[in-house]
Each structure stands twice: as structure tokens, then as C-alpha cells.
Amino acid sequence: MENLFKQSNVLETISFVVGPSPATVHSITYDSRKVTTNGCFICIKGQHVDGHQYIDSAIKNGAQVIVGSEKELIMDWYYKRPDRTFVVVHDSKKALANFASAFYQNKHKELALTGITGTNGKTTITAYIRSLVNALGEPTASIGTAGVWDQNGKINVETTTPTTPESSDLYTLFNQLRETNTTHVAMEATSIALEQGRLHGLRFDIAVHSNLRPEHLDFHNTMEHYRNAKLKLFQQANKAVVNLDDAGMSAAIINSFQGELWTYSIEQEATVMAQKLQTQQSGTSFDLIVHGKRYSVMAPIFGEHNVANLLAAVTTCMVKGYAIEEIIRCFPLVKGAPGRFQLLTDYPGRQLIFDFAHSPFAFEKLFHTIKPFSYKRLILLIAGIGVRPSYLRPEIAKAVEGKADEIVVTVDHPGDEDPETVMADVISGFINKPEHLHLVGERGEAIQKALSLADEGDLILITGICMENYQIVKGKRLPYDDLKHIHLFLEQDTKTTSA
């Protein structure tokens with residue numbers, strides 16, 4: 001730990017240190033429950049919790065070094081426990097990032113980092129980049145809503161945030177990934193993470209922009225604040241990839257970015273473009289235009305929005321130095337994230353699709369994407385989200401009204417809400433209550449209900465936050481898996497049919 005205090009990025013955050021010269025520190029954390037013997041506990045002030053309140057717990061669990069920004073409180077603790085080292089810092093968030101970076105010997109600098117920001121498409125773009133760059137021969141990982149993946153598959157790690165991890169968790173992951181010879185990381189950079197300083201100290205080789213639409217205004221209050229939070233990523237990047245079709249943010253990036261800038265578009269002239277899109281059962285064919293040269297290509301993806309997401313990934317690969325011909329050869333290996341227009345073949349005779357849609361814009365894209373599909377009836381499952389503002393729930397019903405033959409309403413992450421209340425909020429958005437409407441509060445049971453409604457030739461859309469392995473209920477993360485409920489239904493259905 002003494003060596004850490006000599007590193008400039010650590011020194012810049014420290015006001016003063018009291019207590020004995022610290023012994024070797026074995027870990028750094030902001031969660032008092034995870035402190036171990038000879039650990040360093042950094043007190044972070046969050047929206048709802050102040051880490052300074054957990055100093056006692058951290059010391060009991062073995063913290064040798066306590067770092068915080070509340071000078072008087074820290075000094076009070078020093079007088080109580082002069083056997084421990086106490087560090088007063090200017091900014092606990094920056095201190096957490098700087099201490100963690102130093103603790104892991106700046107391993108992140110050995111990785112080529114690509115950050116992806118935008119309202120929609122971040123997770124898909126991240127997955128496309130990971131699959132393409134891996135196919136091009138560079139061991140690549142991804143971090144985001146779909147979890148942490150490396151070149152071999154998904155990594156089983158505990159996540160403490162929905163998308164972009166806290167800084168110390170990030171540095172732990174970077175160190176872990178370097179140990180498996182990963183050389184490149186594509187990661188989602190959310191507006192909240194940028195605003196909260198979770199990405200402090202990182203320098204991105206490439207920053208990628210997808211689009212900007214109203215979201216998270218309960219946190220940012222205004223669209224201007226929301227946009228400015230996302231723009232912070234480009235202040236930490238050497239090169240930028242910008243979606244010219246997005247009116248919300250592209251101009252702001254182009255007008256302010258000082259580094260190398262590349263563009264992509266479906267609607268206008270750009271470095272990388274797509275034209276003549278045609279959807280087939282196996283994917284989408286289109287003309288890919290790069291620096292004026294045209295290529296006829298096919299990719300196993302669906303929807304114009306996903307073609308735009310693929311363009312973002314293709315442009316990123318070009319920025320990295322790969323030839324477009326090499327990139328195109330890897331198109332058959334492109335893989336999206338779980339739950340992003342994911343076609344399942346588990347239900348013979350029916351078409352079954354998972355999609356992350358949970359906003360009006362996402363549903364608009366989803367319904368446009370399934371237009372070329374042939375089916376008899378559409379069975380749709382929608383979900384109100386308990387841990388998000390209630391005013392968003394009726395908007396889901398408004399977006400799907402008149403679009404399906406059967407609608408099942410359920411709840412994602414009820415949190416502290418009563419599922420009945422969440423579903424009532426959702427259906428209040430219907431102008432005319434659908435005749436074939438089914439309310440099932442538990443998501444797993446709702447999925448089985450949707451499957452039971454389908455006849456041969458029907459299309460079943462399961463929407464919501466459907467690729468996560470937990471549900472938040474009463475402050476706890478309870479294990480959950482959509483696929484488990486599908487397989488359970490099919491097993492029972494098979495037994496019933498055979499009987």
C-alpha cells in the first residue's frame with residue numbers, strides 16, 4: 001500500500017493521511033460486506049447510501065485502511081481506532097478509481113478499450129464488436145447489460161450495477177481479463193455511469209455513439225444534462241464513431257470532438273453506409289458502401305436498427321485497422337446479445353422470439369422488424385418494470401395497442417411494488433382494453449401462459465428484460481431464468497401430448 005501513495009493518480013486525490021504506515025493491502029472495495037483482512041475500504045456517497053455510515057462494519061471485517069471525504073467523521077474514527085490508517089480525500093469516487101487502478105498496477109492500460117454510449121443499441125453494438133473482433137483474431141471481451149463475456153463465452157461474475165460496473169469492479173475485471181490474454185474490451189458506457197464517475201481515469205481508444213432519445217430523465221432531469229453526460233465519454237477518447245442518422249447527439253459530438261472521427265449511416269452520406277436492405281428468414285441482405293465502394297453482403301441479423309448497430313461495429317473494426325474485406329468475411333459469425341431479437345427454436349411449429357423491448361421506441365422497432373415474418377396470430381408478452389418510474393408503464397400499453405391477437409401482461413423486477421399495481425399501471429395506457437388480455441404477475445408463469453395460448457403457425461414475442469438471470473424482489477436479487485420456464489412448459493406439454 002505504501003507504494004500506492006507514491007503514484008501520482010493516487011496522490012492527486014489525497015488531502016492527508018493519519019495513523020500507522022499501512023501494511024500491505026490485499027483488496028480494495030466500497031462495500032463494507034466485502035472487506036477482508038488487511039483490506040482498504042473506500043466510503044462512497046451514493047444516491048441512497050453513504051459509505052461513511054459503514055466504517056464500523058468495515059473495520060470489524062478487517063479493514064486496515066479507510067478512505068473517505070468527510071474530514072471530521074474520519075478524524076473521529078481515527079481517535080477511536082488509532083491502530084488503523086485513515087485517508088481523507090477530495091473526491092471518494094475519483095479516489096476509488098485511482099486506488100483501484102494503482103492496486104492492479106494499471107493493467108487496464110494493456111487493453112484496447114472501446115466505449116459505447118447511446119440510449120438504444122449499446123448492448124447489441126457491444127456484442128457485435130466482440131464477435132467481429134474475436135473472429136478477426138483478437139481476443140476480445142465485452143462488459144455491459146448482458147454481463148461479462150470473453151473470447152470463450154460468458155464469465156460468471158457478480159454484478160452490482162445493471163450495465164456499467166463501479167470503477168473498482170471494472171479494474172478488477174480488467175485485471176482478470178488480462179490474465180486470460182484478452183487484448184480488447186468493448187464496454188457499454190451509460191450516462192449515469194459517466195455522471196457518477198465510474199469511468200474516471202480510463203482512456204478509450206474508440207468511443208462509439210448510437211443515438212439519443214428521452215430516457216433516465218428521473219436521474220438527469222433534462223435532455224441537455226442527459227446529452228452532456230454521454231458527451232463525457234468522447235472527452236476520454238482518442239477516436240470517435242458517430243451515427244449521422246441520430247439528430248439527438250451526432251452534431252454535438254462532431255462539433256466538439258478533437259480527435260479522429262468516423263461516421264456511419266443508413267440515410268445519408270457517411271464513411272460507412274448501408275442501402276437496399278432486404279429481410280429474409282436467415283437475416284438481412286444489403287449493400288455496404290465504404291469510402292464509395294459497394295459490397296453486396298448478408299448478415300444473420302434482423303431489423304434496420306440492427307443494421308445500423310452492425311455499421312457501428314464495422315466502422316469500429318475499420319478504425320482499429322482491419323480491412324473491410326476481412327470484416328465482411330466475418331459477418332456469418334456476428335452474434336447479438338441474449339434477448340436482443342433472439343430467435344429460439346424450442347417450440348416446434350411456432351416462432352418464438354425474445355426481445356428486450358420495454359419502451360415505445362423499442363416496440364416500434366420490434367413490430368417493424370417482424371413485418372416480413374409469416375405467421376397466423378401474434379402472441380405478445382409485455383412487462384411493467386417495478387424498479388422504474390410508474391409513469392413509464394402506461395406507455396408500454398399505448399405502444400402495443402392493436403398490435404397482437406393475445407396480450408399477456410406481467411412484471412419485471414417488482415422491487416418493493418405490488419405486482420398487481422404495476423400491471424394496473426400498464427393496462428391504464430390502453431385506450432380500448434383488449435378483448436384477449438391476460439394478467440399474470442409472476443414472469444415465469446406469464447411466459448408459460450403465453451406459450452399455452454399459441455397454436456401451430458403462431459408467433460410468440462416475449463419482451464422485457466428477458467436475458468437477466470435474476471429478478472429484484474423486495475430489495476433482493478432472486479435467481480431467475482426465462483429459458484427455464486420455457487423448457488418446463490415444453491416438458492409438461494410433451495408429457496400431456498404423449499399421454
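Reply: One term to begin: a contact means heavy atoms within 4.5 Å. This is a predicted model, where local features need pLDDT of at least 70, side-chain atom pairs count only at pLDDT 80 or more, and totals for chains, interfaces and linings use all residues. Residues are numbered from 1 along each chain as its sequence is written, and side-chain values use heavy atoms, with hydrogens and water left out.

Me: Among contacts between residues at least 6 apart in sequence, what share joins residues at least 24 apart?

Reply: Take the contacts in the chain between residues at least 6 apart in sequence. The share joining residues at least 24 apart is 66%.

Me: What percentage of the 499 residues is buried?

Reply: Buried means under 20% relative accessible area, exposed over 50%, partly exposed in between (1.4 Å probe, protein chains only). By that cut-off, the buried part of the 499 residues is 56%.

Me: Which residues of helix H3 are buried, and why do they line one face?

Reply: Helices are DSSP runs (H or I, at least four residues) and strands are too (E, at least two), numbered from the N terminus. Seen down the axis of H3, the buried residues fall within an arc of 160 degrees, so they line one face; the arc is that of the directions from the helix axis to the C-beta atoms. On the other side, Glu 72, Tyr 79 and Lys 80 are exposed. The buried residues of H3 (71-80) are Ile 74, Met 75 and Trp 77.
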